[in-house]
Every structure is written in structure tokens, then in C-alpha cells.
Amino acid sequence: MTERNDIPRTDLSVFPLNLGGNTFGWTSDEEQSFAVLDAFVAAGGNFIDTADVYSAWAEGHSGGESEEVLGKWLAARENREDVVIATKAGQHPEHSGQSREAVLGAIDASLERLQTDHVDLYYAHFDDESVTIEEQARVYDEVVRAGKARYVGLSNYSPDRMRQWFEFAKAEGLAVPVAIQPQYNLLHRKDYEQGYREIAQEYDVAVFSYFSLASGFLTGKYSSKEDLEGAARKDFVSGYFSETGIDAGLKVIDALKRVALNHDVEVTTAALAWLLAKGVTAPIASARTPEQLEALMAAPGVKLIQAEVDALDEASEAFA
């Protein structure tokens, strides 16, 4: 039986690897995206994460490309009830921010692109401090009450603003968020471990980490400073070393290689297994091709012993 983790206070149960949809319609064309999605489901996956803004940053794109590809796949495979779909609002160029008008417009546009009448998890993608938390909580509750989203999640909000949302929603009988989506990986530990983890524990929410592989650095494909210089995603990756330097990152890779060798898996798998050992419900990771999926899907089957977790903690201490 395929392993599943329950999302607290819901009837949703998800495979412990959340497939990131940021590549769909961007670095993966429609055919490649369908192949990745088919392989993911065939391997036991059921949880797919996207956002209305994906991939507005790419030349010639306007946002919504990922949702459109995913919607075509759902329609072609007729499997909407077999998968858990998460999307996000707040960044699409036509529905920017978290005002009531923006969110209500965003959810309708997302549902049209996804070719479904509801999403399972709807995230407030980025905070909008021009809108009070109370107003934001009310509009997301409105989306849930309308049946357009089953549950609510939060991403990229400060711990203080998240806490305000939880407390207000509980006090007012509104839809209380069931998940948070923080940036968390071996090279980005401090924010989660010193802030968001307490939120997750206090309010009993699922944790779905993004940048779980540090923009590809934790796949082990960069073994020197020279490799990083030539990386297509250099700007993303180099951000992890602004304070600590790449040598600290390579120290983490060396430790990951030792752990991966113990389990006869890839470095990628070991990096995700560490997140699962740290209590992440399902790390988010994307695959451009089906071949890249194997290392991701293997992570839930790798149970690190405490000594291995400790070794990786020590190697990544500079980022904690």
C-alpha cells in the first residue's frame, strides 16, 4: 500500500512528496508535463501543487500556464477525484494582492484554467499588508463556503501575521488554515526552525516545504564553485550563499553523499528524507522529466536514523 500522510483536520491523505507544478508549461512543454504527471500518479503520487502566477516570469508568459496544462491533463485523464490539487492566489498580474476583489477573481480564473469546480487546498500565496488579516481571513472563508476550495493554507506570511490569521479565524468560526508552505531545506533552516515550526505545532497544521532542494543545489550536481558559475539557475542558487559562502554548502553536500551511500540512493533522495525526518508532511519538489521523478519518489521510503539526521544537522549548522 502506498504511504500516505494525513493533513490535520481534513479528510485529505497525501503521498509524502508534493509534486511542484512550476515547470508545467515553462521548462516542460505540455507533452513532457503530461508524462511527468502520468509517471507521478503511476508511482503512487496524488498531491500536485501549482499557483496562478506560474509562469508569469518567463518571457512571453502572462501567468496561469501551469494551471492550464494541469487542467488539460485532469480533463484528459478524467481523474480529478483521485488527486489533491493545491493552488495559490495573490501574485497573478490580473489578480494581484489579497483584496476581496483580487481573491474572488483569482479563484474563478484558476478554476477555469484547471477545468474543475473546486481546489482541495487554496493558499494565500504572499501577504498583502494593505489588507488586514481579518479581511483576508474572511474572503478565504468566503471561497470555502462557496465550495470553490475545500481548505485554506498560508505561504510567505510572517509568523506574527500567520498567528493573527489562525487566532481570528478560530475566534470567528471561519475556515482555519490547515497547512503552511514555508521555505525549508538544509541550506535554509533558520526561518522555519526558529519561527514557522512553532506555528505548525501550535495550530496543528501540515507543512509543505518549498525550495526543498535549494533550487537544485541539493541534488549534488554542483561539486565546485566552477560548477555553480556555469549553472543555468545560478541566480537562484547563489542566494543561499550570500552570507555563508559556497564552501558551507559543499560541506552539506559531502554529508548528504555519505548518508545517500548508506541507503544506496541519490543525494536528492537523502535531502528530501531529511525534511521528512524533520516532520515536513510532504516536501514540494518538481521534475522536468519523468526520469527525474524516481529520486523524488524514493524519499518517503528512506528512514534516516537519528545519527544520520544529527550528522546532516551538524553539517548544515551554518544555515540554522
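Biologist: Leaving aside its neighbours within four places in sequence, which residues is Val14 in contact with?
Modeller: Contact means heavy atoms within 4.5 Å. Neighbours within four places in sequence are set aside for Val14. That leaves Glu3, Arg4, Asn5, Ile7, Asn46, Phe47, Val84 and Phe208.

Biologist: What pLDDT do side-chain atom pairs need to count?
Modeller: Residues are numbered from 1 along each chain as its sequence is written, and side-chain values use heavy atoms, with hydrogens and water left out. This is a predicted model: totals for chains, interfaces and linings use all residues, local features need pLDDT of at least 70, and side-chain atom pairs count only at pLDDT 80 or more.

Biologist: Is Val14 buried or exposed?
Modeller: Val14 lies in strand 2, residues 13–14. Helices (H or I, at least four residues) and strands (E, at least two) are DSSP runs, numbered from the N terminus. Under 20% relative accessible area means buried, over 50% exposed, and in between partly exposed (1.4 Å probe, protein chains only). Val14 has 0%, so the answer is buried.

Biologist: How far apart in space are Val14 and Glu198, C-alpha to C-alpha?
Modeller: In sequence, Val14 and Glu198 are 184 residues apart. In space, C-alpha to C-alpha, the distance is 22 Å.

Biologist: Which residues of helix 6 meet helix 5?
Modeller: Helix 5 spans residues 159–172 and helix 6 spans residues 190–203. From helix 5 come Pro159, Met162, Arg163, Phe166, Glu167 and Lys170. The residues of this contact divide into six nonpolar, one polar and five charged (Ala, Val, Leu, Ile, Met, Phe, Trp, Tyr, Cys and Pro count as nonpolar; Asp, Glu, Lys and Arg as charged; the others, Gly among them, as polar). The helix 6 side is Gly195, Tyr196, Glu198, Ile199, Glu202 and Tyr203.

Biologist: Are helix 5 and helix 6 roughly parallel or roughly antiparallel to each other?
Modeller: Their axes are 10 Å apart and the packing angle is about 15°. Axes are lines fitted to C-alpha atoms, for helices over the stretch in contact, and angles run from 0 to 180 degrees between N-to-C directions. Under 35 degrees counts as roughly parallel, over 145 as roughly antiparallel, 65 to 115 as roughly perpendicular and the rest as oblique. Helix 5 and helix 6 are therefore roughly parallel.

Biologist: At what angle do helix 9 and helix 10 cross?
Modeller: Helix 9 covers residues 246–263, and its axis comes within 8 Å of that of helix 10. Leu256, Lys257, Val259 and Ala260 of helix 9 make the contact with Val267, Ala270 and Ala271 of helix 10. The angle is roughly 95°.

Biologist: Where is Asp264 placed?
Modeller: Asp264 counts as exposed, at 73% relative accessibility. Its phi is positive, near 55°, in a residue other than glycine. Most residues other than glycine have a negative phi. Asp264 sits in the loop between helix 9 and helix 10.

Biologist: What is the relative accessible area of Ala214?
Modeller: Ala214 also has a positive phi, about 50°, although it is not a glycine. Its loop runs between strand 9 (206–207) and helix 7 (225–229). Ala214 is buried, with a relative accessible area of 0%.

Biologist: Which residues of helix 11 are buried?
Modeller: Helix 11 runs over residues 290–297. Its buried residues are covered by elements including strand 3 (18–20), helix 1 (30–42), helix 10 (267–277) and strand 10. The buried residues are Leu293, Ala295, Leu296 and Met297.

Biologist: How far apart in space are Ala285 and Phe211, C-alpha to C-alpha?
Modeller: Ala285 is found in strand 10, residues 284–285. At 5% relative accessibility it counts as buried. Beyond its neighbours within four places in sequence, its contacts include Leu213 and Leu296. Ala285 and Phe211 are 74 residues apart in sequence, and in space 7.2 Å.

Biologist: What is the centre-to-centre distance of the aromatic pair Tyr210 and Phe211?
Modeller: Rings of Phe, Tyr and Trp (its six-membered ring) pair if their centres lie within 6.5 Å; planes under 30 degrees apart count as stacked, over 60 as edge-to-face and the rest as tilted. By this rule the count is 10 aromatic pairs. Tyr210 and Phe211 are edge-to-face, with 65° between the planes and a centre-to-centre distance of 5.2 Å.
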